[in-house]
Amino acid sequence: MGVKEANIETVEVTPMGDSAACEVGTYVLKIQPEGASSFTDKGKYLMMWKLDDGVWKWDLDAWNSSLPPA
C-alpha cells in the first residue's frame with residue numbers, strides 16, 4: 001500500500017463482560033503509492049478484542065476514511 005507513517009490514537013475502550021472489549025479510535029496514514037503522488041488519509045476505527053487463555057487478541061476490526069471518495 002505504500003504506508004510510510006501511521007499514527008493511531010485510542011479514544012475509548014469499553015469492556016464487554018470479562019472476556020471482550022471494544023476499542024474506538026482515530027488514525028492518520030501518510031501514504032506514498034509506487035509511481036503516484038503521496039497523500040494523507042485520516043479516519044476512524046473500531047476493533048474488537050477477546051481474552052483467550054489470559055492473552056488479549058485482536059478479533060475483528062473496521063476502518064473508515066474521513067476523506068471524500070476519489
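Student: Asp41: buried or exposed, and which side chain of opposite charge is nearest?
Tutor: Asp41 is buried and has no salt bridge. The nearest side chain of opposite charge is Lys42, 9.3 Å away. Buried means under 20% relative accessible area; exposed is over 50%, and partly exposed is in between (1.4 Å probe, protein chains only). A salt bridge needs a side-chain nitrogen of Lys or Arg within 4 Å of a carboxyl oxygen of Asp or Glu. For charge, Lys and Arg count as positive, Asp and Glu as negative, while His and the chain ends are not counted.

Student: What kind of model is this?
Tutor: This is a predicted model: local features need pLDDT of at least 70, side-chain atom pairs count only at pLDDT 80 or more, and totals for chains, interfaces and linings use all residues. Residues are numbered from 1 along each chain as its sequence is written, and side-chain values use heavy atoms, with hydrogens and water left out.

Student: Back to Asp41. Which side chain makes a polar contact with the Asp41 side chain?
Tutor: That of Tyr27, at 3.1 Å. A polar contact is a pair of N or O atoms within 3.5 Å; within protein, one must be able to donate a hydrogen and the other to accept it, and residues adjacent in sequence count only if both atoms are side-chain atoms.

Student: Where does Asp41 lie, and what is it in contact with?
Tutor: Asp41 lies in strand β3, residues 39–52. Strands (E, at least two residues) and helices (H or I, at least four) are DSSP runs, numbered from the N terminus. Leaving aside neighbours within four places in sequence, Asp41 is in contact with Tyr27, Val28, Leu29, Ile31, Ser65 and Leu67. Contact means heavy atoms within 4.5 Å.

Student: How many salt bridges does a search of the whole structure find?
Tutor: Three. In one of them, the side chains of Glu5 and Lys30 meet at 4.0 Å, N to O. That pair links distant parts of the chain, 25 residues apart: Glu5 is in strand β1 and Lys30 in strand β2 (residues 20–31).

Student: Why does Glu5 count as partly exposed? And Lys30?
Tutor: Glu5 counts as partly exposed because its relative accessibility is 43%. Lys30 counts as partly exposed because its value is 41%.

Student: What are the other bridges?
Tutor: Lys50 pairs with Asp59, also by side chains, at 4.0 Å, N to O. Asp52 pairs with Lys57, with the closest N and O atoms 3.1 Å apart. Asp52 is partly exposed at 29% relative accessible area. Lys57 is partly exposed too, at 37%.

Student: What is phi of Asp53?
Tutor: Near 55°, a positive value in a residue other than glycine. Asp53 is in the loop between β3 and β4 (55–65). Asp53 counts as exposed because its relative accessibility is 77%.

Student: New topic. Which residues form the nonpolar patch on the surface?
Tutor: Ile8, Trp58 and Trp63, with about 350 Å² of accessible area together. Ile8 is in strand β1, residues 3–15. Patches are made of residues with over 30% relative accessible area and no salt bridge; like charges are joined within 9 Å, nonpolar side chains (Val, Leu, Ile, Met, Phe, Trp, Tyr) within 5 Å. Areas come from the Shrake-Rupley method with a 1.4 Å probe, and for residues only the protein chains shown count as cover.

Student: Last one: what does Thr14 contact, leaving aside neighbours within four places in sequence?
Tutor: Ala21 and Cys22. Thr14 is also in strand β1. The side chains of Thr14 and Glu12 are joined by a polar contact of 3.3 Å.
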